[in-house]
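Try each task yourself before you read on to its solution.

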Amino acid sequence: MDDQTELRLSTPSDLTEIEHLYSEAFPDEDLFPLVRELVNGDYPVHSFVAVRQNRIVGHVAFTLCQVAPGEAEVALLAPLCAAPDSHAQGIGSALVRQGFVCMKGLGIGQVMVLGDPNYYSRFDFAPDDKIEPPYQLPDGWKDAWQSVQLRSDKPRLSGKLIVPEPWDSKALWVS
Ligand SMILES: CC(C)(COP(=O)(O)OP(=O)(O)OC[C@H]1O[C@@H](n2cnc3c(N)ncnc32)[C@H](O)[C@@H]1OP(=O)(O)O)[C@@H](O)C(=O)NCCC(=O)NCCS
């Protein structure tokens, strides 16, 4: 990522620009209602934007979730996007790594993601069969449910992922 691009926590006043970013990055899917709830609501969400020349060119959210039983926390990485005219410039990677630093600092040992292993494997994500997603995933998506261990002093968790309300919708997990 170039030194003209800055990463920072998002604020509610970024939402109009974030909405535009999502409509460009996901033309066939409306993820903005989820993002608005994550950013605006009173949830344990850490949301970052990448800003270049006063324009938001990337966004990622990390949501803290519980793993039952035991109530240990992991983070769920999603959604993630970069503006189409700024792809392959390291923005997505920088946002993921910024989130990792933040999660480590909060004592979070593990991050989950549901996404393309061809992309997420670069961050050492690997298929996870110990933490169960909140809804049963479609056949063939097994390898898309992945985790990465961020801290060696934290145990690898197992159990069902309990997500905060914005994520508690079957449609988000099966489409
Ligand atoms: C996926 C996405 C966030 C990557 O952002 P980015 O800023 O372009 O990513 P980076 O610059 O850090 O990395 C670019 C690399 O990722 C690769 N890449 C991007 N999407 C990929 C995918 N789905 N599968 C495999 N590789 C992928 C690029 O080919 C490039 O490879 P290279 O490093 O070998 O050249 C961006 O393409 C995007 O917003 N896509 C649409 C939304 C989306 O699919 N989000 C992820 C699911 S929530």
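The model is predicted, so to speak: local features need pLDDT of at least 70, side-chain atom pairs count only at pLDDT 80 or more, and totals for chains, interfaces and linings use all residues. Residues are numbered from 1 along each chain as its sequence is written, and side-chain values use heavy atoms, with hydrogens and water left out.

**Exercise 1.** Find which residues come nearest to the ligand.

*Solution.* Next, sort the shell by class: nine are nonpolar, six polar and two charged.

**Exercise 2.** Identify polar atoms of the protein that lie close to N or O atoms of the ligand (a polar contact is a pair of N or O atoms within 3.5 Å).

*Solution.* Begin with the backbone: a polar atom of Ala-88 is 2.7 Å from a ligand oxygen. Then turn to side chains: Asp-116 has a polar atom 3.2 Å from a ligand nitrogen, and an N or O atom of Tyr-119 is 3.2 Å from a ligand oxygen.

**Exercise 3.** Work out which residues lie closest to the centre of the largest pocket.

*Solution.* First, take its volume, about 800 Å³. Then inspect the 33 lining residues: Phe-26, Pro-79, Leu-80, Leu-114 and Tyr-120 are the closest to the centre.

Technical notes
A residue is near a molecule or strand if one of its heavy atoms lies within 4 Å of it. A polar contact is a pair of N or O atoms within 3.5 Å; within protein, one must be able to donate a hydrogen and the other to accept it, and residues adjacent in sequence count only if both atoms are side-chain atoms. Ala, Val, Leu, Ile, Met, Phe, Trp, Tyr, Cys and Pro count as nonpolar, Asp, Glu, Lys and Arg as charged, and the others, Gly among them, as polar. On a 1 Å grid over the protein atoms alone, a cavity is a set of points where a 1.4 Å probe fits but cannot get out, and a pocket is an open set with protein on both sides within 12 Å along at least five of seven lines; lining residues have an atom within 4 Å of a point. Grid points are joined across faces, edges and corners, and a volume is the space filled by probe spheres set on the points.
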